[in-house]
Amino acid sequence: MQNESEREHRAAFGGGGFSSSPAFLGLQHDSLAYTHFGLKPMASRRFTRRTRTIKKLEALLARANSYDEWLALAMEHDGETGADVWRQNDESGLYDASSITLRLQRLRRLRKKKDDQGLLFALNEGIHGNMAGMGQAKLYQRAKTGTKYLIEEYIDEIRDALEYLSPRRFKSITWAERVDFFQRASHCYGRSALMLSGGGMLGYFHFGVLKTLIEHQLCPVVISGASAGSFVAAIVGTRSDAEYLELFEDNYLAKALTENRGNVKIGFGKNNNVDIRLVKREMARLIPDMTFQEAYEKTGRSINISVSPAEPNQTSRLLNHIASPTVTIRSAVMASSALPGVFPPVQLQARNVDGGIQTYLPSRRWIDGSFSQDLPAKRLARMYGVNHFIVSQVMPGLGREPDTHPGMRKIISDASVAATKQFVRGYLDFIQRYTTVGPRMGTALNAANALIDQRFTGDINIFPGYGVSSLGKLLKMLSEQEVVDLILEGERATWPKVPVIRTTTRIGRALDHILHAFEVDEAHWLKTAPQTDTTLQQSADRRKTERSRSSVKRSKRVANIIDGKAAASGR
């Protein structure tokens, strides 16, 4: 197998062996002659033109105004760099192409023959994102429009096989056996989560990220947000996909975010003068009065908001519909956004059994979630089985893409960073252990310790194109046009990630869809009939003739829902 530099040389010099060929030696001689007389050889001129074309395309890609425009330019870019040819060639030293080919052919053959038991057995042999090395990050960085076609075809076949086995009525394999397989496969394969970082007013960048993901039906069900990210997570977590996309019509969202910007005064040292009631009213315009449980029931999204303790010797929390279902989302956002020195600490609120609002953990106050867990990967992994993280990081310079060609400079740099972190951590521990500090200083030291230990990147990272000069906008009340620009910046940063997100999350999204349909179905049937295929059919027949004598009374609405789902599922 040839490496990429060899292929580039072959393209430049017309193919064939080149290192010792007469043509290559002659070209070397010609090149020296051209150089002697101050002229450029033909190959050099071609290379220069190609380089200029690629740079021009990259500049156009950075200024694209829609995904379709970006994709057309990306395809042209892949053509110029040879990445399109690379995608067509199955072979690569980064993964085992032969193994993937054999498995792909086997799955296709079993599905075509309708050998359902054999297909289930083949799927049981393993569904995971790094089968035969196909999860290598480098495989998704060579081309802008996707990875190896073989990998994409294999993932498509896995998805098609899962959907083929998913209908409730399936004669050759019992429903219980298939549900057990889907649950095990989902547990082993894992799922994806989107984590939205904090970053003050720069957090509006997240709106563009989510807009692109939702438009392409790629938004993970599990979403976390801290500080500014919590505000965005709350807005998307309380709306359906259609409702969220409506916010961008006629710049409605940008107008709503800036309509009363002249009345809100924020800044360091002004926390005692901030009109909290005004901030709450502004927040209420975009975040409905919902608890985490109510939002989950409406949208199916698992929204998670990080909050940090305002007192020392307390622990941070990740608020969601599982751990804190009755907590109101607005109070969670207020707490997660309470940057010390800008906003006072916040008490959480919850809805009680009578529908009223009361204080949640009355003795506790909470501050900015970014201090303790800007990106709560470990907690999401434990709670939801997440093992694939997409990060939207709005802070410029905070985190970087992993270096695919690490050298001595990177090794020394990483070692230096690690040593610095260890020194600072030890110094802070010494202060807390051997000196007397007040509550505020203790909280600040705990926050500093937590920040040092945090990671600010994931498996797929969406970074902004703006630089450190934008940090001046962190606490600035932005204009409508500045908000529009930030949203577009988020879209532009996400478009290059669409192909890799689509490929790497395809199997997980298929499993989530199948299990979600199963859970919805179970919610209607669990209390009314045993869950075997035979008794389900018997119950369906009995409902048609003995509905009035049924021991379980149902409303007409519920009965219609059940009958409608039964007809749609082909029972």
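**Salt bridges and helix packing in a predicted model**

D180 is partly exposed, with a relative accessible area of 39% (buried means under 20% relative accessible area, exposed over 50% and partly exposed in between, with a 1.4 Å probe and protein chains only). The structure described here is a predicted model, in which local features need pLDDT of at least 70 and side-chain atom pairs count only at pLDDT 80 or more, whereas totals for chains, interfaces and linings use all residues. Residues are numbered from 1 along each chain as its sequence is written, and side-chain values use heavy atoms, with hydrogens and water left out.

The protein has 571 residues, of which 43% are buried, and its secondary structure amounts to 25 helices and 9 strands; helices (H or I, at least four residues) and strands (E, at least two) are DSSP runs, numbered from the N terminus. Of the contacts (heavy atoms within 4.5 Å) with a separation of 6 or more, 76% involve residues 24 or more positions apart.

Across the whole structure, 21 salt bridges are found, a salt bridge being a side-chain nitrogen of Lys or Arg within 4 Å of a carboxyl oxygen of Asp or Glu. One of them joins D160 to R111, with an N to O distance of 3.9 Å. This pair connects distant parts of the chain, since D160 lies in helix α8 (residues 149-164) and R111 in helix α6 (residues 97-112), 49 residues apart. D160 is partly exposed at a relative accessible area of 24%, and R111 is likewise partly exposed, at 26%.

Within helix α8, R159 forms a salt bridge with D156, the closest N and O atoms lying 3.9 Å apart; because R159 and D156 are 3 residues apart in this helix, about one helical turn separates them. Both side chains belong to partly exposed residues, R159 at 26% relative accessibility and D156 at 24%. R184 is partly exposed, at 37%, and R184 and D180, being 4 residues apart in α9, are separated by about one helical turn. Elsewhere, salt bridges with shared partners join R108, R111, E153, D156, E157, R159, D160 and R506 into one network.

Helix α10 (residues 205-215) packs against helix α21 (residues 480-494) at an angle of about 45 degrees, the axes being 6 Å apart (axes are lines fitted to C-alpha atoms, for helices over the stretch in contact, and angles run from 0 to 180 degrees between N-to-C directions). α10 is therefore oblique to α21, given that angles under 35 degrees count as roughly parallel, over 145 as roughly antiparallel, 65 to 115 as roughly perpendicular and the rest as oblique. Residues F205, F207, G208, V209, K211, T212 and L213 of α10 meet L486, I487, E489, G490, E491, A493 and T494 of α21. By class, this contact comprises 7 nonpolar, 4 polar and 3 charged residues (Ala, Val, Leu, Ile, Met, Phe, Trp, Tyr, Cys and Pro count as nonpolar, Asp, Glu, Lys and Arg as charged, and the others, Gly among them, as polar).

Helix α11 (residues 228-237) and helix α16 (residues 329-336) pack at about 165 degrees, with their axes 8 Å apart, and are therefore roughly antiparallel to each other. Their crossing is left-handed, and the contact is formed by S230, F231 and A234 of α11 with I329, V333 and S336 of α16, a set with 4 nonpolar, 2 polar and no charged residues.

Terms used. A crossing is left-handed if the near helix is turned anticlockwise from the far one by less than a right angle, and right-handed if clockwise.
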